[in-house]
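Thank you all for making time this morning.

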Amino acid sequence: MSKTKGVKLDDTTEQRLAALARIRDRSPHWLMCKAIETFLDREEKYEQEKREDMERWERYQLTGDAVSHEKAAGWIEKLAQGKVTACPK
């Protein structure tokens, strides 16, 4: 179910939106919906990555377990050569 939300745009932004809508042969409404969807996808991914980073950091603080630089660098070098292997532990 869709709900209507009001957005106040300054004149310049409204003109830019209308111009792009004409170029793309889309409605300004469609462009705004796509822009919001793209923004939400990007920001939700960022928040998920941030949560995962914090979980890894907390796990490291509790256990001290980490992958050495040498192991990580060797693994990355293999990936660069096209040799797909499991991430080192």
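Predicted model: local features only at pLDDT ≥ 70, side-chain atom pairs only at ≥ 80, totals over all residues.

**A walk along the chain**

Let me begin with Phe 39, whose place is in helix α2, residues 28–63, where a helix is a DSSP run of H or I with at least four residues, a strand is a run of E with at least two, and both are numbered from the N terminus. Residues are numbered from 1 along each chain as its sequence is written, and side-chain values use heavy atoms, with hydrogens and water left out.

Now to the overall picture. The secondary structure of the chain comes to three helices and zero strands, and along the sequence this reads as α-α-α. The chain has a radius of gyration of 23 Å, whereas a compact globule of 89 residues would be near 12 Å; the radius is taken over C-alpha atoms, and the globule rule is 2.2 Å times the number of residues to the power 0.38. Taken along the principal axes, the C-alpha atoms fill a box of roughly 55 × 35 × 30 Å.

How much of the chain counts as buried? Of the 89 residues, 4% do, with buried meaning under 20% relative accessible area, exposed over 50%, and partly exposed in between, for a 1.4 Å probe and protein chains only. The chain exposes about 8500 Å², and carbon and sulfur atoms supply 55% of that area; accessible areas come from the Shrake-Rupley method with a 1.4 Å probe, and for residues only the protein chains shown count as cover.

Let us follow the helices and the places where they end. In the loop between α1 (11–24) and α2 we find Asp 25, which has a positive phi, near 55 degrees, although it is a residue other than glycine.

Helix α2 has 36 residues and reaches 52 Å from its first C-alpha to its last, close to the 52 Å expected at 1.5 Å a residue, where the expected span is 1.5 Å times one less than the number of residues. After α2 comes Gly 64, with a positive phi near 75 degrees. Helix α3 (residues 69–80) has 12 residues and reaches 16 Å, close to the 16 Å expected, and it is followed by Gly 82, whose phi is positive too, near 90 degrees.

Which residues form a nonpolar patch on the surface? They are Ile 36, Phe 39 and Leu 40, with about 280 Å² of accessible area together. Patches are made of residues with over 30% relative accessible area and no salt bridge, like charges being joined within 9 Å and nonpolar side chains (Val, Leu, Ile, Met, Phe, Trp, Tyr) within 5 Å.

Next, the charged pairs. Side chains of opposite charge can pair when their charged atoms come close. A search of the whole structure finds four salt bridges, each a side-chain nitrogen of Lys or Arg within 4 Å of a carboxyl oxygen of Asp or Glu. Among them is Lys 34 with Glu 37, whose closest N and O atoms are 3.9 Å apart; both lie in helix α2, three residues apart, about one turn of the helix. An α-helix has 3.6 residues a turn, so residues three or four places apart point the same way.

Another of these bridges joins Lys 50 to Glu 47 at 3.3 Å between the closest N and O atoms, and these two are also three residues apart in α2. Lys 50 is partly exposed at 37% relative accessibility, as is Glu 47 at 32%. In the pair of Asp 53 and Arg 56, the closest N and O atoms are 2.5 Å apart; Asp 53 has a relative accessible area of 43%, and Arg 56 is likewise at 43%.

Finally, how many disulfides are there? The count comes to zero, a disulfide being a pair of cysteine sulfur atoms within 2.5 Å. Cys 33 is partly exposed at 39%, and Cys 87 is partly exposed at 47%.
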